[in-house]
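Please walk through this structure with me, from its aromatic pairs to its core and its salt bridges.

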Amino acid sequence: MRTSIYSLKDAQHLEGCVLAYGHFNTIHPGHIRYLRNAREQGEHLVVALIGDSPPDQPQLFQFLQGERAEALALLGIVDAIILLQGEQLCDIIRQLNPALLVLGKEFQNSDNEEVNIAIDLQREQKNSVQFHAGDIHYASTDLLSRSERELVEQRRNQFMAACRRQGIGRDELLKSLDAFSLSNIIVLGDTIVDQYAACEAVGMSAEAPVVVVRELQKCNFIGGAGVVASHIRALGASCDLLSVVGTDETADWVRNELRFREIGDGLLVDDSRPSTFKKRYVVENQKLFRVSRFEDHSLDSQVEDKLIEKLEKIAPKAQAIVVSDFVYGVVTERILEAVQHIAHQNGLLLFGDLQCSSQVGAVTKFQNFSLLCPNEREARVALQDRETGLELLSQRLLETTGSNRLIMKLGAEGFIAYDRDSSGKLVSQPFPALSVNPVDVAGAGDSLLAVMATGLATGQAMMPTAALGCCMAALAVETMGNSPITSGALRSSVLDAFNQ
């Protein structure tokens with residue numbers, strides 16, 4: 001679809017359209033959901049694009065109106081864009097008499113006087129108003145409408161466009177990688193052993209509608225907080241892992257893996273629980289089902305004491321603590337309070353990720369962290385919010401937790417990185433999921449967390465580190481199971497992204 005761009009005075013012929021409105025400063029998946037919903041409401045979709053600030057005033061937006069209009073047009077969703085001088089929503093409603101005005105959820109019950117007057121005017125003209133952030137999806141349907149080759153090219157272009165907007169170059173990313181070896185990071189959380197059993201499908205059971213498979217081969221991978229630590233160490237940083245295991249062969253296997261990977265072994269034994277173990281049965285890269293062995297009760301006070309004691313001992317040598325909480329009982333309220341106190345006492349950065357796909361937890365328990373890395377579902381569950389648009393949802397999470405920065409993970413749509421500029425103003429940048437047809441998405445978030453922690457701990461800026469994280473996550477989903485990604489592999493991925 002070709003998108004036309006008009007000034008307000010040249011847009012009279014667009015009367016009776018569906019009208020969307022906003023600044024679209026940095027277009028991310030939330031904006032695309034909003035526009036696609038608006039697109040479905042009528043034959044012609046027009047966007048009224050808020051203008052730049054007057055020359056004698058500070059610019060409100062990161063990008064100028066012309067750049068924002070160009071980015072909108074490239075989406076191929078909108079029929080026309082009208083360039084406003086300032087806000088001017090009332091003026092365009094008077095001129096176009098739109099059949100429907102579609103606004104984001106953030107404008108419902110808003111205190112924005114200009115928008116409220118415009119809504120009243122739209123209704124006075126006997127036309128409709130809809131507040132809608134777009135439908136929420138946690139999976140992608142892109143492969144139904146485009147070839148894999150087209151999607152690969154599109155996402156690489158999106159990645160390069162994000163780098164250009166942020167002024168990120170290839171050499172800067174490679175230099176950041178060189179600095180990773182200077183950091184010393186502590187990872188605290190639940191350690192999991194993931195076993196993958198490769199199977200051959202035999203058929204259906206004659207006695208019951210049950211799939212019958214024959215196990216051919218099995219392989220163990222370290223998961224949970226253990227794979228975060230493994231990624232950090234493979235990237236060149238020093239790393240200690242603080243976690244809890246049982247008294248079993250799984251725990252012995254974890255210790256051997258940590259020793260082999262030169263990760264500091266801070267494993268404590270809790271006799272009341274087995275080491276957390278998950279077995280996945282796979283046929284031709286398709287997961288059939290998973291069997292988990294775990295106990296998720298909280299640690300008793302004696303184990304908590306030992307864990308806190310170990311943390312206090314090694315914290316003075318570190319630059320950061322990563323809390324990787326899978327809600328299996330290691331990150332108790334007392335442990336979390338100790339982590340925050342010790343981090344403050346030693347001037348350490350705090351990075352947090354809480355994964356609760358099959359457990360019950362809330363990322364909002366992480367207060368005043370340097371960075372949080374939830375996915376959209378986890379954020380919505382924690383805030384009890386199913387309808388708010390992504391931008392407002394992310395802002396609410398940052399305000400609720402008091403955290404400085406945020407990575408909002410969006411699965412097949414990539415992620416949005418939120419940072420603050422020198423004045424404390426929130427800025428954002430979406431990054432795409434570079435892998436179009438992943439082999440195994442489990443562990444992508446862990447690899448992203450590892451890069452973000454390692455980069456920020458060495459003093460790197462947020463957006464270049466997020467660009468590295470984008471490349472890292474694409475590598476993580478290329479193989480079945482959690483395998484640590486080395487600095488060399490990540491370097492090659494960056495070179496490929498910039499040289500294709």
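Buried means under 20% relative accessible area, exposed means over 50%, and partly exposed lies in between, with a 1.4 Å probe and protein chains only. This is a predicted model: local features need pLDDT of at least 70, side-chain atom pairs count only at pLDDT 80 or more, and totals for chains, interfaces and linings use all residues. Residues are numbered from 1 along each chain as its sequence is written, and side-chain values use heavy atoms, with hydrogens and water left out.

Start with the rings. Rings of Phe, Tyr and Trp (its six-membered ring) pair if their centres lie within 6.5 Å; planes under 30 degrees apart count as stacked, over 60 as edge-to-face and the rest as tilted. The count by this rule is eight aromatic pairs. Phe24 and Tyr34 make a stacked pair, because their ring centres are 6.3 Å apart and their planes meet at 25 degrees. Phe24 sits in the loop between strand S2 (18–22) and helix H1 (29–39), and Tyr34 in helix H1, so the pair ties together parts that are 10 residues apart in sequence. Helices (H or I, at least four residues) and strands (E, at least two) are DSSP runs, numbered from the N terminus. Both Phe24 and Tyr34 are buried.

Phe415 and Phe431 are also stacked, at 5.5 Å centre to centre and 25 degrees between the planes. Phe415 belongs to strand S18 (residues 415–420) and Phe431 to strand S19 (residues 426–431), so this pair bridges parts that are 16 residues apart in sequence. Phe415 is buried, with a relative accessible area of 4%. Phe431 is buried too, at 1%.

A nonpolar core is a set of buried Ala, Val, Leu, Ile, Met, Phe, Trp, Tyr and Cys residues joined through side-chain atoms within 4.5 Å. The largest one has 62 residues, and Phe431 is among those with the most contacts inside it, as are Ile232 and Val322. Helix H14 (residues 462–476) supplies the largest share of this core, 11 residues. A second, separate core of 44 residues includes Leu307 and Leu350.

Now look at two sets of contacts (heavy atoms within 4.5 Å). Beyond residues up to four places away in sequence, Ile232 touches Val187, Ala237, Val322 and Thr454, among others. Phe180 lies in the loop between helix H6 (170–179) and strand S7 (184–189). Why does Phe180 count as buried? Because its relative accessibility is 0%.

Finish with the charges. A salt bridge is a side-chain nitrogen of Lys or Arg within 4 Å of a carboxyl oxygen of Asp or Glu. The whole structure holds 23 salt bridges. Asp52 pairs with Arg68, their closest N and O atoms being 2.9 Å apart. Asp52 lies in the loop between strand S3 (45–49) and helix H2 (65–74), and Arg68 in helix H2, so the bridge joins parts that are 16 residues apart in sequence. Asp52 is partly exposed at 29%, whereas Arg68 is buried at 1%.

Asp353 and Lys409 form another salt bridge, at 3.5 Å between the closest N and O atoms. This pair links distant parts of the chain, with Asp353 in strand S15 (residues 349–354) and Lys409 in strand S17 (residues 405–409), 56 residues apart. Both Asp353 and Lys409 are buried. Elsewhere, salt bridges that share partners join Arg33, Glu376, Arg380 and Glu413 into one network.
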